[in-house]
Protein chains: 8
Amino acid sequence: MDLQDVLEDVAAGETTVEEARRAIDGYTRVDDFARLDTGRADRAGIPEVVLGDGKSIEHLRSIALSFLEERGHVVLTRVDEAAVDTLDGVAHDIDWYPESRILVLQTAAYEPPEPDGTVAVVSGGTADVPVAEEAAVTAREMGCTVETFYDVGVAGIHRILSEADALARTDAVVVAAGREGALPTVVAGLVDVPVIGLPVSIGYGHGGGGEAALAGMLQSCTVLSTVNIDAGFVAGAQAAQIART
Amino acid sequence: MDLQDVLEDVAAGETTVEEARRAIDGYTRVDDFARLDTGRADRAGIPEVVLGDGKSIEHLRSIALSFLEERGHVVLTRVDEAAVDTLDGVAHDIDWYPESRILVLQTAAYEPPEPDGTVAVVSGGTADVPVAEEAAVTAREMGCTVETFYDVGVAGIHRILSEADALARTDAVVVAAGREGALPTVVAGLVDVPVIGLPVSIGYGHGGGGEAALAGMLQSCTVLSTVNIDAGFVAGAQAAQIART
Amino acid sequence: MDLQDVLEDVAAGETTVEEARRAIDGYTRVDDFARLDTGRADRAGIPEVVLGDGKSIEHLRSIALSFLEERGHVVLTRVDEAAVDTLDGVAHDIDWYPESRILVLQTAAYEPPEPDGTVAVVSGGTADVPVAEEAAVTAREMGCTVETFYDVGVAGIHRILSEADALARTDAVVVAAGREGALPTVVAGLVDVPVIGLPVSIGYGHGGGGEAALAGMLQSCTVLSTVNIDAGFVAGAQAAQIART
Amino acid sequence: MDLQDVLEDVAAGETTVEEARRAIDGYTRVDDFARLDTGRADRAGIPEVVLGDGKSIEHLRSIALSFLEERGHVVLTRVDEAAVDTLDGVAHDIDWYPESRILVLQTAAYEPPEPDGTVAVVSGGTADVPVAEEAAVTAREMGCTVETFYDVGVAGIHRILSEADALARTDAVVVAAGREGALPTVVAGLVDVPVIGLPVSIGYGHGGGGEAALAGMLQSCTVLSTVNIDAGFVAGAQAAQIART
Amino acid sequence: MDLQDVLEDVAAGETTVEEARRAIDGYTRVDDFARLDTGRADRAGIPEVVLGDGKSIEHLRSIALSFLEERGHVVLTRVDEAAVDTLDGVAHDIDWYPESRILVLQTAAYEPPEPDGTVAVVSGGTADVPVAEEAAVTAREMGCTVETFYDVGVAGIHRILSEADALARTDAVVVAAGREGALPTVVAGLVDVPVIGLPVSIGYGHGGGGEAALAGMLQSCTVLSTVNIDAGFVAGAQAAQIART
Amino acid sequence: MDLQDVLEDVAAGETTVEEARRAIDGYTRVDDFARLDTGRADRAGIPEVVLGDGKSIEHLRSIALSFLEERGHVVLTRVDEAAVDTLDGVAHDIDWYPESRILVLQTAAYEPPEPDGTVAVVSGGTADVPVAEEAAVTAREMGCTVETFYDVGVAGIHRILSEADALARTDAVVVAAGREGALPTVVAGLVDVPVIGLPVSIGYGHGGGGEAALAGMLQSCTVLSTVNIDAGFVAGAQAAQIART
Amino acid sequence: MDLQDVLEDVAAGETTVEEARRAIDGYTRVDDFARLDTGRADRAGIPEVVLGDGKSIEHLRSIALSFLEERGHVVLTRVDEAAVDTLDGVAHDIDWYPESRILVLQTAAYEPPEPDGTVAVVSGGTADVPVAEEAAVTAREMGCTVETFYDVGVAGIHRILSEADALARTDAVVVAAGREGALPTVVAGLVDVPVIGLPVSIGYGHGGGGEAALAGMLQSCTVLSTVNIDAGFVAGAQAAQIART
Amino acid sequence: MDLQDVLEDVAAGETTVEEARRAIDGYTRVDDFARLDTGRADRAGIPEVVLGDGKSIEHLRSIALSFLEERGHVVLTRVDEAAVDTLDGVAHDIDWYPESRILVLQTAAYEPPEPDGTVAVVSGGTADVPVAEEAAVTAREMGCTVETFYDVGVAGIHRILSEADALARTDAVVVAAGREGALPTVVAGLVDVPVIGLPVSIGYGHGGGGEAALAGMLQSCTVLSTVNIDAGFVAGAQAAQIART
């Protein structure tokens, strides 16, 4: 239904007021929702992300194809190599990040977002890299330049200090850290750009699985926001939102 | 010590290489630290914030005076009216927010940051307002225009929907919510600007004290970062950082 | 704005299609929200409930007056006797339940919901009564007949067994229990009507404060739903919803 | 023993008062229990449900056969396809729900409950569907008409809004949600029928495994009761109890 | 109703079988419950215990008087000295244990249980004594001889070793311990009599409030059962049950 | 060394006082410990129990053989059938309980403890039986007569009520229960003999894995002690200790 | 009893072997324990520490006097000024640390331990100082030289870096930190001497009360041991043990 | 760059003051960091330790080779036998500890630290040995003499008592304990040398996985520091640090 047509019909006397009212009652509901929906669909480059964990390969393939058709682009996280084999060939471009188990597919027609903004992704140890990489891939897919600073943990504090100036030149910083999770606090004490803490589920015993890191980031005495444990996609997407404003 | 002078003295033969080296060894350490320190001191308007909880009035007064002297400006949070009485008159300007128990003091010479950026502060219920207000005051002290949207909780979902456009026109959104903490997720599903969740320590029983709200924000299926329970200052300061970039 | 008028004006040529469209765009948003809002306001007798904990007497008085004016009726929970004194005289009817600290106010013009449905409220020990009473008052204010069965805990199992038939004749049962919280399970094993568990924050040590009771109800091997610890209002309101359908 | 016979024997002088008394002492015990037991066995259609997790196929088969013989009907939850193969042919009717891993068996002689009442089952994302489906199958086996509303999560709030009227026409609503678990709160804010929250064990990190969803539902500022994480059977059975009253 | 009378009336032809049956249906229910109730009332000396915490003095007084009338004896735990003043004079005998805040009242007619069995009550530090004393008073009121071994904690392991023989001569041992709660494990490794661990809510920081002690007792590699934190009455009563068998 | 000999040598002048003193210093230490050790070895029938979980078959076999040689008897818990095959033939008697995965081995020379005392082992559902059986086997190996009451859970409360008299005739009762763990409370409300709660690690979601059951038993309003989740051996051994005194 | 005498009496024929044996049996037990006890009493200067929290002033006074008499020295922690007034005059020397609420008393005859070893006490913020001071006082009372480094938190990382050399020259380092507790990790990454983390119960919200700090120290990727939250005495005493070896 | 050269060039007029300043600005940063780095690399024998868990064999091999080249020595923990096979032959010396799954590799040129200090490693049960062994290997690789005292748990308290003197002669004691974790408290009550508690992740049910042991060590009433659950490397390394000072 087209509101313009209805009103023109009313004006032309081709529709009674009563009929028009019924039509509009339906329209307003539908249109209102549609507006919201389109707003959502048009968002500046937050990629559709599908969590692979616990999904069968057939299910993943079917979801991926549907997003490719609709959006021309899809990011699959936590997928196995078997999924890569299955999806090989379904898209024009396919990028596979084996360490972080991320798969990015896009059609030939897909137009990536305009390049804009720089995001730094920092990690404390090599074990944090897969989660950090999920943030990096996300920000890159959203059109940001991504600079990575890996293996700069607090136990050797000089490593992060020597990168302070480089970090300060970016627009937003994601800091991935497991175990005691102190790195985001140190970084936020060094630079003025917004810093997002990304706790990583490494570390065993009390406070293991990322819980100590999360709690430490929430308790930080600096200005720092946080995402959930291992939520690399959320950290990368918010950093890109910030970097692009 | 001034490195320039030392080197000029070496060039002029007034200082031996050995003496210069010793001086520089000390200097580099000190200067390096000083540089970091100054970097910290010069940060674009993150105000010095003093937590009043558990400090005696004399202690608060002495800290406040020392910051006023050094920075010309100080924000005291969670202070009682008795503190306001004690500090009345010590500063040129004094702003007291009784509901959120925040006190802002500044000298006549203090130059507030240049106005820049707009931050929205949203809250679900009247009980969330004191914490939301802490975020609002912080962002305002950092030079941002702050728009507040209070009492727009998810139980009456239409209230927040009707504000979607207004929210979308700001640069960053802080959403304070206690109990089930669903409001930041709804807001982040409506707008494209970065959203920071601010859990509030209301609600009793299981998940009370803000823990359900915090967990819900971390689990959110939208793009959302989070600060600790009741950390209004952190949320407001990061929103201002984002809004000002 | 009235859609009928707009459309009639269009039909009469007194409004252009363009003007009408702008009006309707606004209307649909507003009307859609208004519809939801009215839906909420008209709900069959869920009373407006105000939590007294942590509110000043002035604040409580002002909220109570505003609800009385708007709805003719308000329930205040967890209030002190001082609040009762303050509010004495502001309403036509005032009911004060000192043990459960509930205060019900209503104007002369207030029309309570039509009587319908019977709710049983069961509690294990005298310490559970204040919370149980909160459920009972809520259901009664929603127009239900309420039958109470207090002090029928599982340690003397015969006490609840002897009430099985009486419970089975009600439409919904709220069972308040602290400590080990086994009573709702026993009741749900005896009767066919829907049973709602209401954990009570009594009991010290491990699992104290109602957490053991809540966990036990969630783990129950019978058909039983649960509300939060001490959430007497929610239990009573849902029981009344069920009893009135 | 038959009480009638004893009393007639006493009346006829064929039994002494003493003998009768001893017989009745035993009888009352037995009869009292029997009465309770029969009450339980006759309950209106709560199906016998067997949890498949951790049981061997032989054990499951033997339990299923015993219930089929006794009740003519059994529901097995969380079973593997191997169990389906094993049980194929043992019953007249066999329904297999592979996604939610539920198996329903019934004999030819089994008379299902009279159709009565309508239950809505709502879920936020496709990952919640298996648990939601457990609730739906349960309510259907108890004689209710079940309407499902899947994939209507809060991140795209318009999806659930557009179903508000349809939900309001049912007799009880089960809302399954994982992660932040906000959907039941939104639904309970839209409709007047009793709403039961069903937390789902999806989501990783802090508050993962359904704990954030559970806590959020318990903290809800609406009228909402809750069952344990993944307890689809309990939610469906209580919704059916409500819908059938 | 008296079953004897009913049956005699039937035998005498003064009551029809039908009337008798109706009477007995009621009777059996009531009598069955009464039997259980009496069984409970006759239990070998488990004293009625009233928790004073959170009860008003008037409430305590009224409960105490009602138990005195019915049972001739009552134990009040966690009461203040004000309660002692109020109850002074209401009973023939009054025993006040100020450190553990226990008050024992009994009438002149009260016949305490026959002396039988010996219970040892052990505690690690002086801070554990009030809770240990609650166990000791309870066992004594149940007719046991109680031997106390206070201040024999594991940090000076020789203190408990030197008491091994004395402990081994009792019938049951209660070991109260806070902080790390290791003492019950050491005792259970020394003696053959049943040992009941009684965690005490002392200790701050992680595992404080008795949680570490409770967990340690549950994890004990010896044969040891446990009661809840500070549950001196339960530990003492079970020890007395054991000692008296 | 033999103290008697040393002293006789001193008396006979064959040993100097100095040599004797050195010998005794060593002796007292060794002897003191030996006394304790022997005390431990002689304990009335607490069988040596080896936890099979996580041990290799070779390791288990070697431990089992060493205990058989030393004590003539050993109980292995949580072992797989492979262990049974490996140990088949090493002992005169071998008892294998497949459901509870317990293996009891004894030599021909082993003299079991004198029969004494009766222990009741109660369980709520079939899922609790393996853990209940661990308690039963332990008590039986310690010389007690064991009576089992399985599948008498609180959801059908009459089942346990009908066993009240039988339970009351035993010397100690172990009640195994998972999920909400209410059964031990009901049993302890029915009988006077000491009751030991045994939480079982069944149940999923919040409070799953036996935590709700444990907390409920600790919170019980009856006289009840508790052992750790799944600690069937500890419960059975303490019940036997009690039954044998 | 003196073993030497007994043996000499045996050698001299003044005691029979039998009498000697009985004496020695007692002796060995008593002496063995005594030896341990004396060992404990003689420990190199671990002062007797009394926790003031929750003790009445009379109780504190009596404990303090008894230690003064026995040991000549006592440390009271967490005491109020009222305790200081009460104890004023009972000892030759009295030291009162108002910020950390520690009171040290000693007699004129008391000989403090020989000065030996240097302990560094580091703290991140002024709020950590009272707990840090408890460690410092303890180490000082044990004879160590104590150097304090306060207000050197990680948010301004240069502050602790500039103290690296001074820290490296001590024998043991205690690092007190609340909130995110990252400082001990940074210190342990800078110096080679043993570092003990001391979590402090500051910080609100998730991970507050020192729990995040404790978990972070346990998760530290450096070599670091930890004591409980606020356990300043334990940290100071172990640092002194290390520094004095 | 060499500061000496720069200054000499300035003195010789071959470099302008401006050029020198730029060079020094860079130098100071780099040099400062280098100094810290070297400090770290030179640390007295804390071996580089690589956690094998979750790393592929190729990854482990590559890390091991890189450390061997750089440091001549590497310790791999939690590795499988497959890793041993892969690394066989890459180093001059290879030590494989199968029970604790530790692999130590060193080149022919590697010079181990000078032997110094004695560390005792104590464990309560055989299940604690693998973690205890990790501490022992670490201390040995750091040049300490290691004495082990295994299977001396508190349930048979005499076993540890008989080793008190031997323990007191070492320089530092690591005590590994799972379940209730009481052993470190007992040891710290017996000896004066610094004791480090090492909780072990054995034990099931409440407080299992080492949490009860950790909490108990933190709550210990003796002087005791603690490391994380299963952190054998940290405990061994700190004990060696202490033993070598």
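# Close-up views of a predicted multi-chain model

**View 1. The contact between chain C and chain F.** In this predicted model, 26 residues of chain C are in contact with 26 residues of chain F. Two residues are in contact if their C-beta atoms, placed from the backbone, lie within 7 Å. Helix H8 (183-188) and helix H9 (211-218) of chain C each contribute at least two residues to the side of chain C that touches chain F. H9(C) gives the most to that side, with five residues. Helices (H or I, at least four residues) and strands (E, at least two) are DSSP runs, numbered from the N terminus. Sorted by class, the side of chain C that touches chain F holds nine nonpolar, 14 polar and three charged residues. Here Ala, Val, Leu, Ile, Met, Phe, Trp, Tyr, Cys and Pro count as nonpolar, Asp, Glu, Lys and Arg as charged, and the others, Gly among them, as polar.

Residues are numbered from 1 along each chain as its sequence is written, while chains are lettered from A and ligands numbered from 1 in the order in which they are written. Because the model is predicted, local features need pLDDT of at least 70 and side-chain atom pairs count only at pLDDT 80 or more, whereas totals for chains, interfaces and linings use all residues.

**View 2. The relation between chain C and chain D.** Chain C is superposed on chain D by a rotation of 179 degrees with 0.1 Å of shift along its axis, at an RMSD of 0.2 Å. The two copies are thus related as by a two-fold rotation axis. Within chain C, Thr226(C) has the C-alpha nearest the axis, 2.5 Å from it. Copies are superposed by least squares on the C-alpha atoms of residues with pLDDT of at least 70 in both. Of the interface residues of chain C, 95% are also interface residues in chain D, so the copies meet through the same surface.

**View 3. The crossing of two helices in chain C.** Helix H5 (residues 129-141) and helix H10 (residues 232-244) of chain C have axes that come within 7 Å and cross at roughly 40 degrees. That makes H5(C) oblique to H10(C). Axes are lines fitted to C-alpha atoms, for helices over the stretch in contact, and angles run from 0 to 180 degrees between N-to-C directions. Angles under 35 degrees count as roughly parallel, over 145 as roughly antiparallel, 65 to 115 as roughly perpendicular and the rest as oblique. The crossing of H5(C) and H10(C) is right-handed. A crossing is left-handed if the near helix is turned anticlockwise from the far one by less than a right angle, and right-handed if clockwise. Among the residues of H5(C) that meet H10(C) are Val131(C), Glu134(C) and Thr138(C); the residues on the H10(C) side include Gly232(C), Phe233(C) and Ala240(C). This contact of H5(C) with H10(C) divides into 10 nonpolar, three polar and one charged residue.

View 4. Four strands of chain H form an open sheet in the order E1-E2-E4-E3, with mixed pairing. Its edge strands are strand E1 (49-51) and strand E3 (93-97) of chain H, each of which pairs on one side only. Two strands pair if DSSP finds at least two bridges between them. On average, neighbouring strands of this sheet are turned by 15 degrees against each other, direction ignored. Strand E2 (residues 73-77) and strand E4 (residues 102-106) of chain H run antiparallel and are joined by four bridges. Leu105(H) in E4(H) is the bridge partner of Val74(H). Helix H3 (residues 57-71) of chain H lies across E1, E2 and E4 of chain H, at about 150 degrees to E2(H). Helix H5 (residues 129-141) of chain H packs on the sheet, where it touches E2, E3 and E4 of chain H, and its direction makes about 15 degrees with that of E4(H).

**View 5. The sheet of chain F.** Chain F has an open sheet of four strands, ordered E1-E2-E4-E3, with mixed pairing. Strand E1 (49-51) and strand E3 (93-97) of chain F stand at the edges with a single partner strand each, so one side of each is left without a neighbour in the sheet. Four bridges connect strand E2 (residues 73-77) of chain F with strand E4 (residues 102-106) of chain F, and these strands run antiparallel. Leu76(F) stands opposite Leu103(F) in E4(F).
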